[in-house]
Amino acid sequence: MSLWAWIVVGCVAAWAIKFAGYLVPVRWLESQRMSRVAGCLTIGLLASLTTMNTVSAGQGVVLDARVAALLAAAVALLLRLPFLVVVMAGAAAAALIRLL
């Protein structure tokens with residue numbers, strides 16, 4: 001199959017999956033269980049994306065200033081500091097480690 005055929009197949013598949021969401025009964029979506037599952041999936045996806053962006057470089061694992069930035073931001077979050085302070089703490093930690 002050509003590249004354009006695969007692109008069309010991918011578009012049709014994405015549309016079909018999105019359309020299938022409209023076929024789910026509303027009572028299923030309003031249940032407590034679905035709310036918990038959706039919340040857990042969101043947190044898990046965000047955690048995995050953060051981890052991958054922190055310790056990956058291409059196909060390998062790299063431990064550099066991004067890890068220190070993530071740890072500094074985590075400490076700032078634990079201290080319940082405002083979001084802007086969390087970002088600044090992470091940036092300062094990364095800059096300090098890169099300076100060293």
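A: Arginine 80 counts as exposed, at 76% relative accessibility (exposed is over 50% relative accessible area, buried under 20%, partly exposed in between, with a 1.4 Å probe and protein chains only). Keep in mind that this is a predicted model: local features need pLDDT of at least 70, side-chain atom pairs count only at pLDDT 80 or more, and totals for chains, interfaces and linings use all residues. Residues are numbered from 1 along each chain as its sequence is written, and side-chain values use heavy atoms, with hydrogens and water left out.

Q: Where does arginine 80 sit?

A: Arginine 80 is in the loop between helix H4 (65–78) and helix H5 (83–99). Helices here are DSSP runs of H or I with at least four residues, numbered from the N terminus.

Q: And what's the phi of arginine 80 like, positive or negative?

A: Positive, about 60°, although arginine 80 is not a glycine.

Q: OK, so is cysteine 40 buried or exposed?

A: Cysteine 40 is exposed, with a relative accessible area of 56%. Cysteine 11 is partly exposed at 48%.

Q: Which residues make up the nonpolar patch on the surface?

A: Trp28, Leu29, Met34, Val37 and Leu41, with about 490 Å² of accessible area together. That area is from the Shrake-Rupley method with a 1.4 Å probe, and for residues only the protein chains shown count as cover. Patch members need over 30% relative accessible area and no salt bridge; nonpolar side chains (Val, Leu, Ile, Met, Phe, Trp, Tyr) are joined within 5 Å, like charges within 9 Å. A salt bridge would be a side-chain nitrogen of Lys or Arg within 4 Å of a carboxyl oxygen of Asp or Glu.

Q: Which helix gives the most to that patch?

A: H3, with three residues. Helix H2 (26–29) and helix H3 (32–55) each supply at least two.

Q: Last one: how many aromatic pairs?

A: One. Tryptophan 15 and phenylalanine 19 are stacked, 5.2 Å centre to centre with 10° between the planes. Rings of Phe, Tyr and Trp (its six-membered ring) pair with centres within 6.5 Å; planes under 30 degrees apart are stacked, over 60 edge-to-face, the rest tilted.
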